[in-house]
Amino acid sequence: MPELPEVETVRRGLAPALEGATIDAVKLARPDLRIPFPPEFSRRLEGARIAALTRRGKYLVAPLSTGESLIMHLGMTGRFLLPNGPIERPGEFYYLSPPDPAHSHVVFTLRSGGRRFELVYNDARRFGLMDLVPSSALRTSRHFARMGPEPLTPEFTAGVLAAGLAGKTMSIKVALLDQRVAAGLGNIYVCEALHAAGVSPKRAAGRLGPRISDLHAAICSVLEAGIAAGGSTLRDFAAADGRTGAFQERFAVYDREGEPCPACAKPVRRIVQAGRSTFYCSACQR
DNA sequence: AGAGCTACCTGAAGGC
DNA sequence: TGCCTTCAGGTAGCTC
């Protein structure tokens, strides 16, 4: 579910509740998500104060008072709930459909300003992960060591993007899904960015030429628009406060096979690349 | 090294 | 109604 704009939406929803809170208890319903929880996961978290909630690519990162950072990835179906959290209307159910309790794998009990509340991590497919790494070694951790530039920051320039794609013979669609090229892009926003840039998903990644600037600008604008809309809601994504995203209503091509291209009205096509759906306009994207 | 496939896991939706 | 197949927003590990 979550790509950069969705993870950023979750971050913004959770940050006011989590930042400055102390972790009183952590209950695990099972020993692993996609990977095992690290040794003594709960013990290492209990008593820690959450200094901040940040994001890198599709990961959430919470630096702790203990010197370690809690790293969290939502996979495809991960979501956080604040069922009795410091939100204006506690008890309100925030999601389109109630999450199956069988898939609530982690329950944090947090304390902040004299209030105690729970933060529940629910993940049906269990493709998410949580890990603990020393805050001083985040950059070299296995999750981030090879991760590419962060879009929407000054480090992500057209030149940096071009360098990341140089020499690649694979399609630009498949290349942009590689988190080493740019962090945080997924299937939706890659499709949308390529459409916005007028670049065919089938074009060789290393042969964009000067159009790399258009693609760079499109990636930034599509991600910014996604964040501004509160992410996309397909199936069941919702922000921590339960509001659903609106960006799916603005998709130009994603999940719109057969519908008219908003630019030229020709039907949007669907093809499969590296086993994943690509949606594009064969007239607008060359 | 680069590129392509498979696996991980569950649920929803569509076809018959 | 029910069974079966296909597909889903992600990543990593394996082969060639």
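1. Ala 263 is exposed, with a relative accessible area of 62%. (Exposed means over 50% relative accessible area, buried under 20%, and partly exposed in between, with a 1.4 Å probe and protein chains only.) Ala 263 sits in the loop between helix 6 (212–228) and strand 9 (269–273). Helices (H or I, at least four residues) and strands (E, at least two) are DSSP runs, numbered from the N terminus. From C-alpha to C-alpha, Ala 263 and Ala 252 are 8.4 Å apart in space, and they are eleven residues apart in sequence.

2. A word on the model. This is a predicted model: local features need pLDDT of at least 70, side-chain atom pairs count only at pLDDT 80 or more, and totals for chains, interfaces and linings use all residues. Residues are numbered from 1 along each chain as its sequence is written, and side-chain values use heavy atoms, with hydrogens and water left out.

3. Next, strand 10 (residues 276–280). Four of its five residues are buried, so strand 10 is largely enclosed by the rest of the structure. Strand 9 and strand 10 run antiparallel, joined by five bridges. (Two strands pair if DSSP finds at least two bridges between them.) Arg 270 has Phe 279 in strand 10 as its bridge partner. The hairpin of these strands has two residues between them, and Ala 274 takes a positive phi near 50 degrees there.

4. Four strands form it, in the order 1-6-7-5, with antiparallel pairing. Which strands are the edge strands? They are strand 1 (22–28) and strand 5 (78–81), and each pairs on one side only. From one strand to the next, the twist averages 20 degrees. (Axes are lines fitted to C-alpha atoms, for helices over the stretch in contact, and angles run from 0 to 180 degrees between N-to-C directions.)

5. Strand 5 pairs with strand 7 (residues 115–123) in the antiparallel sense, over four bridges. Gly 78 has Asp 123 in strand 7 as its bridge partner. Helix 1 (residues 4–18) packs on the sheet and touches strand 5, strand 6 (104–112) and strand 7. Contact means heavy atoms within 4.5 Å. The direction of helix 1 makes about 155 degrees with that of strand 7.

6. Last, the lining of the second largest cavity. By class, it has seven nonpolar, no polar and no charged residues. (Ala, Val, Leu, Ile, Met, Phe, Trp, Tyr, Cys and Pro count as nonpolar, Asp, Glu, Lys and Arg as charged, and the others, Gly among them, as polar.)

Technical notes
Chains are lettered from A and ligands numbered from 1 in the order in which they are written.
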